[in-house]
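Trainee: Please take me through this protein, from the overall fold to single residues.
Mentor: Gladly. Have a look at it, then ask.

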Amino acid sequence: MLVIIGAILGGIIGGTIAKRRGGKTLDVVQYVGIYALAFALLGMLATLVIHRLAL
């Protein structure tokens, strides 16, 4: 669940940053993809840590 939330939140943040910097359409798409990937990875790591600590 954290992975999905992280990907969505990362996409929103990445798109906002690219738009604020005056990026064109492909710039915005790239930022959305990279931020979504990075935040999904952080969400996956957080999920693994939570499951390890729960045992």
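Trainee: What share of the residues of the protein count as buried?
Mentor: First, a caution: this is a predicted model, where local features need pLDDT of at least 70, side-chain atom pairs count only at pLDDT 80 or more, and totals for chains, interfaces and linings use all residues. Residues are numbered from 1 along each chain as its sequence is written, and side-chain values use heavy atoms, with hydrogens and water left out. Buried means under 20% relative accessible area, exposed over 50%, and partly exposed in between (1.4 Å probe, protein chains only). Of the 55 residues, the buried share is 18%.

Trainee: Which radius of gyration does the protein have?
Mentor: The C-alpha atoms fill a box of roughly 45 × 15 × 15 Å along the principal axes. The radius of gyration is taken over C-alpha atoms, and the globule rule is 2.2 Å times the number of residues to the power 0.38. A compact globule of 55 residues would come out near 10 Å, but the protein has 13 Å.

Trainee: How many helices and strands does the protein have?
Mentor: Both are DSSP runs, numbered from the N terminus: helices are H or I with at least four residues, strands E with at least two. Helix 1 covers residues 2-20 and helix 2 covers residues 25-54. The count is 2 helices and 0 strands.

Trainee: How do helix 1 and helix 2 run, roughly parallel or roughly antiparallel?
Mentor: Their axes come within 6 Å and cross at roughly 150 degrees. Axes are lines fitted to C-alpha atoms, for helices over the stretch in contact, and angles run from 0 to 180 degrees between N-to-C directions. Angles under 35 degrees count as roughly parallel, over 145 as roughly antiparallel, 65 to 115 as roughly perpendicular and the rest as oblique. So helix 1 is, relative to helix 2, roughly antiparallel.

Trainee: Which residues does A7 touch, not counting residues up to four places away in sequence?
Mentor: A7 sits in helix 1. A7 is partly exposed, at 25% relative accessible area. With that sequence limit, A7 touches A36, F39 and A40.

Trainee: Which residues is V3 in contact with, leaving aside its neighbours within four places in sequence?
Mentor: V3 also belongs to helix 1. Its relative accessibility is 31%, so V3 counts as partly exposed. Its contacts are A40, G43, M44 and T47.

Trainee: Is I4 buried or exposed?
Mentor: I4 lies in helix 1. Its relative accessible area is 53%, so I4 is exposed.

How values were computed
Contact means heavy atoms within 4.5 Å.
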